[in-house]
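Here is a brief report on one protein chain. It moves from the overall fold to the strand pairing and then to a side-chain pair.

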Amino acid sequence: MKKILTAIVLCIFILSGFRAIAIPHEKLIENKPLNIQGFQLEIIIEGGFLGYTVTVINTGAEQVRGNLTIEITTDTMVVLFGATLSEESFLDLNPINGIDTFKLQPLIGFGSASIIISGVFQNEIEEYPFETISNGYAFLIYILCDKTSIFIP
C-alpha cells in the first residue's frame with residue numbers, strides 16, 4: 001500500500017513539472033445577450049446592360065416592410081439618355097429568403113463615370129437616408145462600375 005501511495009505522489013510531482021495535471025479553477029462566465037439587430041438591409045448596385053441592377057437583401061432577424069426610394073445620377077463625358085434614374089419600390093421581405101431585385105434603365109452614354117447613389121428607406125417607425133459615390137465607365141449601352149453595397153442601419 002505504501003508503494004502505491006509513493007508512486008502516486010511521485011507521478012503527481014513529475015507530471016506537474018510537465019504541467020500535465022489540470023487543477024480545477026472556478027471561473028465566472030457572464031452570459032451577455034446577442035446584439036442582433038431587429039432588421040438590416042443590404043442594397044447592392046451593379047452596372048449592366050442599359051443601366052443598373054439593384055438587389056435588396058434582408059440580412060436581419062425580422063420581416064422588413066417599407067418604401068425604398070433610390071436615385072442614381074451618372075455623370076459621364078456624353079450622356080444621351082438617362083443621366084438620372086430613380087425608382088420607388090415597396091419592400092416586404094422576410095428574413096429567410098428576403099431578396100428583391102429591380103432594374104433602373106435605360107442609360108446610354110460614353111466615358112468615365114462618376115455615379116452618385118442616394119435614397120431613403122422608410123418603414124413605419126423612421127426614415128433611413130443613404131448616399132454614396134462610385135466610379136465606373138459607360139460603353140454606350142453597357143455600364144461597367146464597381147459593385148456598391150449599402151447597409152441599412
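A contact here means heavy atoms within 4.5 Å. By that criterion, residues 24 or more positions apart account for 63% of the contacts in the protein chain with a separation of 6 or more. The model is predicted.

**Overall fold**

The protein chain holds 1 helix and 10 strands. Of the 153 residues, 33% are buried. The chain exposes about 10600 Å². Carbon and sulfur atoms supply 59% of that area.

Strands of a sheet pair through backbone hydrogen bonds, either parallel or antiparallel. Here, 4 strands form an open sheet in the order 6-2-1-10, with antiparallel pairing. Strand 6 (99-104) and strand 10 (148-152) are the edge strands, each pairing on one side only. From one strand to the next, the twist averages 20°. Strand 2 (residues 51-58) pairs with strand 6 over 6 bridges, in the antiparallel sense. Within this pairing, Val-56 stands opposite Asp-100 of strand 6.

**Pairing around strand 7**

Strand 7 covers residues 108-122. Its antiparallel pairings include those with strand 3, strand 4 and strand 8. The table gives the bridges and one facing pair for each.

| Strands | Bridges | Facing residues |
|---|---|---|
| 3 and 7 | 9 bridges | Ile-70 and Gly-119 |
| 4 and 7 | 3 bridges | Val-78 and Phe-110 |
| 7 and 8 | 14 bridges | Ile-116 and Ile-133 |

Strand 4 spans residues 78-81, and strand 8 spans residues 127-140. A hairpin joins strand 7 to strand 8 through 4 residues.

**The salt bridge**

How many salt bridges does a search of the whole structure find? The search finds 1. The side chains of Asp-92 and Arg-65 meet in this salt bridge, at 3.1 Å from N to O. The pair links distant parts of the chain, 27 residues apart. Asp-92 sits in strand 5 (residues 84-93), while Arg-65 belongs to strand 3 (residues 64-75).

Asp-92 has 41% relative accessibility, so Asp-92 counts as partly exposed. Arg-65, at 43%, therefore counts as partly exposed too.

Conventions
Residues are numbered from 1 along each chain as its sequence is written. This is a predicted model: local features need pLDDT of at least 70, side-chain atom pairs count only at pLDDT 80 or more; totals for chains, interfaces and linings use all residues. Side-chain values use heavy atoms; hydrogens and water are left out. Helices (H or I, at least four residues) and strands (E, at least two) are DSSP runs, numbered from the N terminus. Buried means under 20% relative accessible area, exposed over 50%, partly exposed in between (1.4 Å probe, protein chains only). Accessible areas come from the Shrake-Rupley method with a 1.4 Å probe; for residues, only the protein chains shown count as cover. A salt bridge is a side-chain nitrogen of Lys or Arg within 4 Å of a carboxyl oxygen of Asp or Glu. Two strands pair if DSSP finds at least two bridges between them. Axes are lines fitted to C-alpha atoms, for helices over the stretch in contact, and angles run from 0 to 180 degrees between N-to-C directions.
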